[in-house]
Amino acid sequence: MAFRSEFLATLEERGFIHQCSDADTLDRLLTEGPLTAYIGFDCTGPSLHVGHLLSVMMLRWFQKTGNRPIALMGGGTTRVGDPSGRDETRQILTPEVIEANKDSIKRVFDRFLRFGSGADDAVMVDNAEWLLDLNYVAFLRDVGRHFSVNRMLTMESVKLRLEREQPLSFLEFNYMILQAYDFVELYGRYGCRLQMGGSDQWGNIVNGIDLGRRMADAQLFGLTTPLLMTSAGTKMGKTASGAVWLNADMLSPFEYWQFWRNTSDADVGRFLRLFTELPMDEIARLEALPGQEINEAKKVLATEATALLHGSDAAEGAADTARRTFEEGATGDALPTVEIAASELEAGLGVLSAFVRAGLSPSNGDVRRQLKGGAVRVNDAVVADERLTLGPADVGADGVVKLSLGRKRHALLKVS
């Protein structure tokens, strides 16, 4: 449909929208004045990953179009665990781990949102504020009575477990009630009218809309993004070496840049629309580049996406390192670096172990398979013997050993 509000029109044009409740009314309200919307982020790990980035970008566009975004930290709900999209129960985390994770992931939002006390400044809230002190009996009476178990059993997260005969704990079964209650609390505290999230959250969002109507006679709205798959049919953000983390201490700006640079030709235009703020006419020009010229579009994608997360200096540094490494054969300063004691090299460090230590491969066996295919190089020389050991003679004048796996993955061992 043709939206009148800048926010929904932008999201529609760029491919963010999957489902929207009462889109006509929401569109009208957005044209009449600023709204408040939230997205929840549970603290299950020390960093968000690229799979979360679509939601973060949606909050960013919400603020850029004059509205107030809320980043809701799940300090309370993380203690329960969201069963959505999972066959097994999430690991129960201690309160200390949850707090540490929360403090760690908060840093990402400062890159994408402007926080403050202004009308459209972002707000960060923790649902532990209202969930941890709930009286259980009172909560059942005041909130639980509005939920039908019959309907809860039809929710996708529950159906999946039951159909696959996987256990669903009573703890997890309560998650959808707590998330719905979050929406009602945020409506009461901040006037929040819209909850956004991934498509797997649609059932939970609808529950919150219904609970808001029952408990507060409020008209609330929901908006979800599509499940993001690559053109190859794989889930966005999953690589052979693991998740693509957003925290720089878990994935360097160069590795993050390289992830986007390795985008397939078929995904370039879509990812430029979703993960950069380039004008649509410039995106159209880039995705139409013929043949090998599409690689220039990939470099633009990588630099723009990295600049949003790590800043323009880090993005340009990563781009320069890539150019020097791949086009000139030099060793870029921003390559992922692992320090190693000189005594280890003097004793002889096995090449298989070296690649695992550098984070280029998950196991010795994987390095061995790559080596047989001619993909393992040390200081740009192909390694043919899996029994090779690295020693002081392999250290260059700059004090590093360059390790390469294939044409696109590099790391440095720095002698300390």
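A disulfide is a pair of cysteine sulfur atoms within 2.5 Å. The figures below show a predicted model.

**Figure 1. Cysteines and the disulfide count.** The structure holds 0 disulfides. Cys20 takes part in no disulfide, and the nearest cysteine sulfur, belonging to Cys192, lies 14 Å away. Seen from the other residue, the sulfur of Cys192 has its closest cysteine sulfur in Cys20, and 14 Å is too far for a bond, because a disulfide requires the two sulfur atoms to be within 2.5 Å.

Figure 2. Is Cys192 buried or exposed? Cys192 has 0% relative accessibility, so this residue counts as buried. Cys20 has 22% relative accessibility and therefore counts as partly exposed; the cut-off for buried is under 20%.

**Figure 3. Fold and dimensions of the chain.** The chain contains 19 helices and 15 strands. Its C-alpha trace spans about 75 × 50 × 40 Å along the principal axes. For 416 residues, a compact globule would have a radius of gyration near 22 Å, and the 24 Å of the chain agrees with this.

**Figure 4. Interior and contacts.** Of the 416 residues of the chain, 49% count as buried. Which share of the contacts between residues at least 6 apart in sequence joins residues at least 24 apart? That share is 72%.

Key. Residues are numbered from 1 along each chain as its sequence is written. This is a predicted model: local features need pLDDT of at least 70, side-chain atom pairs count only at pLDDT 80 or more; totals for chains, interfaces and linings use all residues. Side-chain values use heavy atoms; hydrogens and water are left out. Buried means under 20% relative accessible area, exposed over 50%, partly exposed in between (1.4 Å probe, protein chains only). Helices (H or I, at least four residues) and strands (E, at least two) are DSSP runs, numbered from the N terminus. The radius of gyration is taken over C-alpha atoms; the globule rule is 2.2 Å times the number of residues to the power 0.38. Contact means heavy atoms within 4.5 Å.
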